[in-house]
Amino acid sequence: MHKLYHYCEWCGNRIHDPDEDVPIYILELPNDLFFFCSDDCLWDFVKDHTLEGWVSPKNVIDRD
């Protein structure tokens with residue numbers, strides 16, 4: 001029987017303990033789920049995929 005394991009999207013650690021339930025952080029987007037082993041990994045992932053931008057007076061978005 002093949003076991004399904006989940007891995008942290010940020011650090012790559014396998015999220016698994018054979019003896020007890022393991023907490024997991026889930027970022028749910030409309031078409032995808034991302035799993036993280038800790039709150040720090042979740043926020044590092046979010047920060048790495050976040051862009052800074054500006055909205056001009058004419059409602060044009062400029063981003064880095």
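Charges first: I looked up the 5 positive and 14 negative charges of the chain, and their mean positions lie 7 Å apart. I took Lys and Arg as positive and Asp and Glu as negative, leaving out His and the chain ends. Each charge was placed at NZ of Lys, CZ of Arg, CG of Asp or CD of Glu.

A note on the source: this is a predicted model, where local features need pLDDT of at least 70, side-chain atom pairs count only at pLDDT 80 or more, and totals for chains, interfaces and linings use all residues. Residues are numbered from 1 along each chain as its sequence is written, and side-chain values use heavy atoms, with hydrogens and water left out.

Next I checked the fold elements. I found one helix and six strands, in the order β-β-β-β-α-β-β from the N terminus. These are DSSP runs numbered from the N terminus (helices: H or I, at least four residues; strands: E, at least two).

Then I turned to overall dimensions. The radius of gyration of the chain is 17 Å, whereas a compact globule of 64 residues would have one near 11 Å. That radius is taken over C-alpha atoms, and the globule rule is 2.2 Å times the number of residues to the power 0.38. Along the principal axes, the C-alpha atoms fill a box of roughly 60 × 25 × 15 Å.

How much of the chain is buried? I noted 12% of the 64 residues, with buried meaning under 20% relative accessible area, exposed over 50% and partly exposed in between (1.4 Å probe, protein chains only).

The largest nonpolar core came next: its eight residues are Cys8, Ile15, Phe34, Phe35, Phe36, Cys41, Leu42 and Phe45. Strand E4 (32–36) and helix H1 (39–48) are the elements that give two or more residues to this core. Such a core is a set of buried Ala, Val, Leu, Ile, Met, Phe, Trp, Tyr and Cys residues joined through side-chain atoms within 4.5 Å.

Ile61 sits in strand E6 (residues 61–63) and is exposed, with a relative accessible area of 64%. Leaving aside neighbours within four places in sequence, Ile61 is in contact with Trp54 and Val55. Asn59 lies in the loop between strand E5 (53–55) and E6, and has a positive phi of about 65 degrees although it is not a glycine.

Conventions. Contact means heavy atoms within 4.5 Å.
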